[in-house]
Amino acid sequence: QILFQYPNNRWAFADQTAQAIVGYLKDVGIDLKLQSMEMAALFPLWLSNKIPEMYLFSMGISIMDADLLLNLEYESETMHAYWSTPEVDRLAKEQRAQTDPAKRKEIISKIWRIDRENAVFAPLYNEIHAYGIRDCVDWTPRPDERLLFKDASSTCS
């Protein structure tokens with residue numbers, strides 16, 4: 001049985017998502033023991049790489065650049081993941097120093113191929129955020145999920 005930890009107060013439908021994962025993996029012979037916890041308890045474990053087995057986490061990349069994810073989840077010197085290779089470390093540094101966008105994209109693509117070949121992460125879904133605004137408010141949600149209302153205008157009275 002594999003311990004599967006997840007935050008129960010961070011994302012919409014976290015309990016249902018975790019339970020679905022348990023069911024899907026059970027169907028292929030993987031037995032999980034589900035442990036929900038508040039994000040305030042899980043996050044320090046994640047930061048210090050002390051989650052013992054399997055976990056559910058999410059990344060909303062605020063700078064819309066692969067380097068943030070590579071730095072957080074792939075590079076052995078700074079990562080909060082549990083897998084690394086010298087090759088990915090080298091490629092991550094190489095892409096960071098590359099000024100030619102096409103060459104940088106090629107290097108990052110090599111990292112994603114290595115990721116797929118080793119099943120480092122299992123991306124499950126993109127959480128959809130629902131926003132409700134009045135018809136007198138002019139505002140468009142950002143792709144990085146940040147709520148910057150300085151970009152909004154209103155004709156509401």
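**Exercise 1.** In this predicted model, find which residues of helix 3 meet which residues of helix 5, then describe how the two helices cross.

*Solution.* Start with the contact: Ala66, Asp67, Leu69 and Leu70 of helix 3 meet Arg104, Ile108, Ile111 and Trp112 of helix 5. By class, these residues are six nonpolar, no polar and two charged. Next take the axes. Those of helix 3 (residues 66-73) and helix 5 come within 12 Å and cross at roughly 40°. Helix 3 is therefore oblique to helix 5.

**Exercise 2.** Determine how helix 4 (residues 86-97) and helix 5 (residues 101-118) pack, and sort the residues of their contact by class.

*Solution.* The packing angle is about 155°, and the axes lie 9 Å apart. Angles over 145 degrees count as roughly antiparallel, so helix 4 is roughly antiparallel to helix 5. Their crossing is left-handed. Helix 4 contributes Glu87, Val88, Leu91, Ala92, Glu94 and Gln95 to the contact, and helix 5 contributes Arg104, Ile107, Ile108, Lys110, Ile111 and Ile114. Sorted by class, the contact has seven nonpolar residues, one polar and four charged.

**Exercise 3.** State in which sense strand 1 and strand 2 pair, and name the hand of the β-α-β unit they make with helix 1.

*Solution.* Strand 1 (residues 2-7) and strand 2 (residues 32-37) pair in the parallel sense over six bridges. As for individual partners, Gln5 is bridged to Gln35 in strand 2.

How values were computed: Residues numbered from 1 in each chain as written. Predicted model: local features only at pLDDT ≥ 70, side-chain atom pairs only at ≥ 80, totals over all residues. Heavy atoms only, no water. Axes fitted to C-alpha atoms, helices over the stretch in contact; angles between N-to-C directions. Helix = DSSP H or I, 4+ residues; strand = E, 2+ residues; numbered from the N terminus. Parallel < 35°, antiparallel > 145°, perpendicular 65-115°, else oblique. Left-handed = near helix turned anticlockwise from the far one by under 90°. Contact = heavy atoms within 4.5 Å. Nonpolar A, V, L, I, M, F, W, Y, C, P; charged D, E, K, R; others polar. Pairing = 2+ DSSP bridges. Right-handed = clockwise from strand over helix to strand, strands pointing away.
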